[in-house]
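User: I would like to learn how to read the pockets of a protein model, and what can be said about their linings.

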Amino acid sequence: MTARTHMPVGHEAREVKGWVGAHRFLLLRRFSQVFFLALFLLGPWFGIWIVKGTLAGSLTLDALPLTDPFILLQGLVAGHWPEMTALVGGLIVLVAYALIGGRVYCSWVCPINPVTDAAHWLHRRLDLPKGWQPKRSTRLWILATVLIVSALTGVIAWELVNPITMLHRGLVFGMGFVWAMVVAIFVFDLFVARHGWCGHICPVGAFYGLISAKSLLRVSATNRAACDDCMDCYAVCPENQVISPALKGKPGSSPLILSPDCTTCGRCIDVCSVDVFKLTHRFDDAVVAPPDPAAAPEPRAARPA
């Protein structure tokens, strides 16, 4: 519920923009997630081999290698020197996400994201308490632990439990126990910790956040003077701590959301009825000037006696 109007989140945006306009980025993200997953499943399901492999490592049109750089890093610290195609594929993905925005992967590609989004939607509908909130640095500690375990054991540690890879393989070979993993993440985000998995636990998101510190794609509160404090952007943002510096910063501060934690999901743009936010690049720090207050009418001259 919004703090100012006590209406459902996004209600005002739907009235102003229509349902599609108030869900534009959400719909685009769902299309993107289905599109990427379908590319990998066309081969095993229908024999149309546009992409061979998984999100961990793939070959597109028998020419373009792509490798998850986090998996590549685990292999390197585990003492396994990859083939040149894997190195090239990892470099391509690393540079792409470093330029675009690392956590774009989390909101536009990762197949677990719809699961955590559904848990958050139901969490709001049921008006459940916030729950346990581990420190956001927890995912960085898990990331470090994964690399240490890989180095000590000689295995790519995270791939033993990675729900992204497990879900992908489950869709090809049968879900089986994978359903338990997906349900566990849903329940964790619903009842234990709001935005818990992606915001506090997943080392994949932590890794992509680290490489996106100087990425180009950014959300900007360019029209922050129009903000009416409805709080809807905070309610839908999976990393809502990134909003305040841009939206409520001091005069002269940048309106850009520069935190690498931002997933560039665009939901703040969707639910804002006064169009405070827009998707832009990191060099666009323009701010819409606040409207001039209405000039007060000049007092009439006293009539001569």
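This is a predicted model: local features need pLDDT of at least 70, side-chain atom pairs count only at pLDDT 80 or more; totals for chains, interfaces and linings use all residues.

Analyst: Residues are numbered from 1 along each chain as its sequence is written, and side-chain values use heavy atoms, with hydrogens and water left out.

User: What volume does the largest pocket have, and which residues lie nearest its centre?

Analyst: On a 1 Å grid over the protein atoms alone, a pocket is an open set of points where a 1.4 Å probe fits, with protein on both sides within 12 Å along at least five of seven lines, and lining residues have an atom within 4 Å of a point. Points are joined across faces, edges and corners, and a volume is the space filled by probe spheres set on them. Here the largest pocket has a volume of about 1,100 Å³, and its lining has 44 residues, with His120, Trp121, Arg124, Ala235 and Val236 nearest the centre.

User: Which element gives the most to this lining of the largest pocket?

Analyst: Helices are DSSP runs of H or I with at least four residues, numbered from the N terminus. Helix 6 gives the most to the largest pocket, with 10 residues.

User: How many residues line the second largest pocket?

Analyst: The second largest pocket, with about 540 Å³ of space, is lined by 25 residues, of which Phe36, Leu66, Val93, Tyr97 and Val109 lie nearest its centre. Helix 4 gives the most to that lining, with 5 residues.

Technical notes: Helices (H or I, at least four residues) and strands (E, at least two) are DSSP runs, numbered from the N terminus.
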